Amino acid sequence: MDRRRFLQLTGLGVVVATSAACGDAKDGGGPGTTDQSQLQKLLPAYAPSAAVQPDIPSVQGPNGFFSAPAFLAYPPNPVTTVTGTPGKGGTYTAKTPLWGAIPSSTGNSYYDSVNAALGATVTMQPADGVNYDKVLPTLFAGDKLPDWLMIPSWNMTNLGFSGAVTKFADLGPYLSGDAVKAYPNLAAIPSSAWQCCIWNGKLYGLPTYFSGANPGGAFYYRKDVFDQLGVNADAIRTPADLEAAARQLTDPKAGRWAFGDFFDYLGQVFHFPGEPNKWSIDAAGKLIHRYEMPQYLDALSWFQKQAKAGYVHPDALAGKSDQGKQRFWSGKELITADGTGAWKGDDAQSGKAANPSYNRQALKPMSVDGQPRIEMTPSANMYSFLNAKLSAGQIKECLAIANYLAAPFGSAEYLTVNFGKEGVDYTMKDGNPQLTERGSKEVATTYQFLVTPLTPTTVILGQTQVVKDYAAWEGEMVKYAVKPVFYGMNISEPAQFAKLNQPMVDVSKDVRYGRKPVSAFQDALKTWKAQGGDQLRAFYEDIRTKYGTGQ
């Protein structure tokens, strides 16, 4: 898996996906999941941190979801959230992926500064994130696991994780319920993130790069071009409104098309489920896969109509998705969809390099029926684990270290963990930390992969207005947040069903691009059901009966 996949999961790409463990369970656990009564016993008690006040507070939505707090600058006089030194002089090895240059550990001021603050030696062993899927099986096969290991969800499927998870320490006795209050920064991690760290009735993981609400993406538009052409983005609330705007926006002679290929995000508009579980419950109370839903077929038909009308950029129809961002920056595509992390200061800088008037904004939540509802994807998709061979004392020391690493944005600890030593690895500029020349070579995303605090929205490259705009949009979006079926439940489908999805993905593209009629999808659906789709439904019905839906 490459760097792009990591960026997707930290908000810079398309749809978030997950995979999880499967196996025999005890104490309320099932094939990769846990029933509701056991879940409540396992979850750490949630106690939000009040140590730092953001410039733009979170907005509380329904179902426990909330928008990210936003900061326009790093708070002056950073607070201290950890009393004393968390470590007791222990020595530990930790392996994490790293998408980027791996710094030398010799004479590394950043590593030395963080370990000095931790009061322990955590020897970071970052591995190439692109080939991390090849690194992990070797560690498991040779039983050469480090003391602390980070595993992205998408790398779990080839590890036999149902059995392998027992190689890690059960953290429930240390963190479940009120026990977590011994670690206040870990207690500030929302329950939705902890729920993703439970396998087979036990709490094994520590979440990294999680969120309070993860819609999986948003629909974006070029506000500067909309204003120039007199198109009112706020009036776009339905698919019909989108089509009407496309007619006004598209002008091939001017090198301008309304749409990229945003089909994977149309579930937000037409009300069918997306990744990872793809299931819903119909009016009769039965499980139904998105491929079977009339809404999915409606979305295919609608997009095919746009393609045939010439509103979709030809390169998007040719499958050149890797060039999509450039087409949006240059104004060749005016409405696109992407992960929420695409709306950042570095995007504004890249867009303005192509056009000084560049202004990315997000459309308000849309729906086919005038009732927006946005299904949230799992709050966490990456986790770290402690080796089961560690003693109880060592586990407690590592959790105290994790509590330091999870200190919130705006704290003194956060500066140390993310930037190292002031004056050596970073300096403060315009109210924000900035790496020095030495820091840019030595500071790497390593400790952060062991555990993180809630990720806020912050200013990047001086683009303050981007933060204000994003925070306002997310505060509106979260009002429509809902939990999909099997939300946050670590379910792994049996291997025989793996072959089912790709033929449906392929025919979906052919239909929406106008290469095949809608009937081709309906024919493929019959094959999907006959070759295992109905059996897959039975598998999920069994999960539902025994363990609920995670809602």
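Residues are numbered from 1 along each chain as its sequence is written, and values for side chains rest on heavy atoms, with hydrogens and water left out. Because the model is predicted, local features are reported at a pLDDT of at least 70 and side-chain atom pairs count only at pLDDT 80 or more, whereas totals for chains, interfaces and linings use all residues.

The secondary structure of the chain comes to 21 helices and 21 strands, where helices (H or I, at least four residues) and strands (E, at least two) are DSSP runs numbered from the N terminus. The C-alpha atoms fill a box of roughly 65 × 55 × 40 Å along the principal axes. For a chain of 551 residues, a compact globule would have a radius of gyration near 24 Å, and the value of 24 Å found for the chain agrees with this; the radius is taken over C-alpha atoms, and the globule rule is 2.2 Å times the number of residues to the power 0.38. Of the 551 residues, 57% count as buried, a term that means under 20% relative accessible area, while exposed means over 50% and partly exposed lies in between (1.4 Å probe, protein chains only). The accessible surface comes to about 22,000 Å², of which 49% belongs to carbon and sulfur atoms; such areas come from the Shrake-Rupley method with a 1.4 Å probe, and for residues only the protein chains shown count as cover. Among contacts (heavy atoms within 4.5 Å) between residues at least 6 apart in sequence, 79% join residues at least 24 apart.

Five strands form an open sheet of mixed pairing, in the order β4-β2-β6-β17-β9, with two strands taken to pair if DSSP finds at least two bridges between them. Strands β4 (121-124) and β9 (206-208) stand at the edges with a single partner strand each, so one side of each is left without a neighbour in the sheet. Direction ignored, neighbouring strands of this sheet are turned by 25° against each other on average. Within the sheet, β6 (residues 148-152) pairs with β17 (residues 382-386) in the antiparallel sense over five bridges, and L149 has F385 of β17 as its bridge partner. Strand β2 (residues 91-95), by contrast, pairs with β6 in the parallel sense over two bridges, with W148 of β6 as the bridge partner of A94. Five of the five residues of β6 are buried, so this strand is largely enclosed by the rest of the structure.

Two packed helices are described by the angle between their axes and the distance between the axes. Helices α12 (residues 294-308) and α20 (residues 501-512) pack at an angle of about 45°, with their axes 8 Å apart; axes are lines fitted to C-alpha atoms, for helices over the stretch in contact, and angles run from 0 to 180 degrees between N-to-C directions. The two helices α12 and α20 are therefore oblique to each other, since angles under 35 degrees count as roughly parallel, over 145 as roughly antiparallel, 65 to 115 as roughly perpendicular and the rest as oblique. The contact is made by Y296, L300, F303, Q304 and A307 of α12 together with S508, V511 and R512 of α20.

Strands β18 (residues 426-429) and β19 (residues 432-435) pair in the antiparallel sense over four bridges, and the bridge partner of T427 in β19 is Q434. In this hairpin, which has two residues between the strands, D430 takes a positive phi near 55°, and at 71% relative accessibility D430 counts as exposed. A positive phi, of about 60°, is also found at N63, although N63 is not a glycine. Residue N63 lies in the loop between α2 and β1 and, at 45% relative accessibility, counts as partly exposed.

The loop between α2 (36-42) and β1 (70-71) also holds A47, which is partly exposed with a relative accessible area of 31%. Not counting residues up to four places away in sequence, A47 touches P184, A187 and A188.
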